[in-house]
Amino acid sequence: MNFALILFLLLVATGVLWLFDRFHARKLRPAGTPAPWWVEYGASFFPVILVVFGLRSFVVEPFKIPSGSMIPTLLVGDFILVNKWNYGIRLPVINKKIIDIGAPQRGDVMVFRYPADPSLDYIKRVVGLPGDRVEYLNKRLRINGEVVALEASGSYLHPDRLYYSPQFTEKLGAAEHSVLIERDAPAFVPQVMNFPQRGNCTYTSAGVSCTVPEGHYFVMGDNRDASSDSRVWGFVPEDNIVGRAFFIWFNFGDMKRIGGFH
């Protein structure tokens, strides 16, 4: 379901009723006669829908985390806010950039339309920028030939499974963040899809090496061995970007999770 399109259609419908009532129907009604219910409700909802549509399209948009691919940074059930203008102003519904403000940086947590099915929204961490050479071999990340700093930081307890995963602190870009890397999981990438520009990637038993095409990004989940990401389905086109995730505003199971994150 395309919620942005539904909201836009509601905005148009209520806006037409508001204009019809304000500039035509109101003049024809005898003094003191109430407006028909369908005109009254439609016109009264228009300002509310206009504000919601404007905020959601150009300022912030809420999302709910559906999977564990970004553990430990984001957990299943986290409600997050996404900055809609940090990467440029885009037209609602068609997602066309009209004002260029900024671009994703390495280490950003980004929401985007899944390249294989743009009706779905995905969230991952930006690892490779256009033109970068990204290598994930034997579970070590290299960018343009340089090994990304990785330091052991204890273990992470999965509360739903009572299972511990090795946790590491990774510095990718300006900020540090935590990642999970399972020692026993295989290094090769299973079930690779036939994605556009797959020729930019080389797959071996040790992992994958890719050159990121211009206008595209390479993304990965922080739960490295439990994430379907650019290693599997390819690069994220610029046109698919939704915004940068920056704040957890609610979690039914753990109120302490409310706050910003890297």
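Helices here are DSSP runs of H or I with at least four residues, strands are E runs of at least two, and both are numbered from the N terminus. This is a predicted model: local features need pLDDT of at least 70 and side-chain atom pairs count only at pLDDT 80 or more, while totals for chains, interfaces and linings use all residues. Residues are numbered from 1 along each chain as its sequence is written, and side-chain values use heavy atoms, with hydrogens and water left out.

**Stop 1: the cis bond.** Select P72, in the loop between β1 (60-64) and β2 (79-83). The peptide bond joining I71 and P72 is cis, with omega about 10°.

**Stop 2: N223.** I71 turns up again here: leaving aside neighbours within four places in sequence, N223 is in contact (heavy atoms within 4.5 Å) with G68, S69, M70, I71 and L180. N223 itself sits in the loop between β15 (216-220) and α3 (230-233). Buried or exposed? N223 is buried, because its relative accessibility is 6% (buried means under 20% relative accessible area, exposed over 50%, partly exposed in between, with a 1.4 Å probe and protein chains only).

**Stop 3: two positive phi values.** Most residues other than glycine have a negative phi. Select N95, whose phi is near 60°, in the loop between β3 (89-90) and β4 (97-99). At 9% relative accessibility, N95 counts as buried. Then jump to K139, with phi near 65°, in the loop between β7 (133-137) and β8 (140-143). K139 is buried too, at 12%.

**Stop 4: the helix pair.** Select residues 3-28 (α1) and 37-58 (α2): they pack at about 135°, with axes 7 Å apart. Axes are lines fitted to C-alpha atoms over the stretch in contact, and angles run from 0 to 180 degrees between N-to-C directions. The pair is therefore oblique (under 35 degrees is roughly parallel, over 145 roughly antiparallel, 65 to 115 roughly perpendicular, and the rest oblique). Residues making the contact include F3, L7 and W18 of α1 and W38, F46 and R56 of α2.

**Stop 5: the annotated spans.** UniProt, in an unreviewed entry, places a "transmembrane region" at residues 41-60; that stretch is 90% helix and 5% strand, with end C-alpha atoms 27 Å apart. Its "domain: Peptidase S26" annotation, also from an unreviewed entry, covers 39-250, where the chain is 11% helix and 42% strand. UniProt positions use the numbering here, feature names are shortened, and annotations may be inferred rather than shown by experiment.
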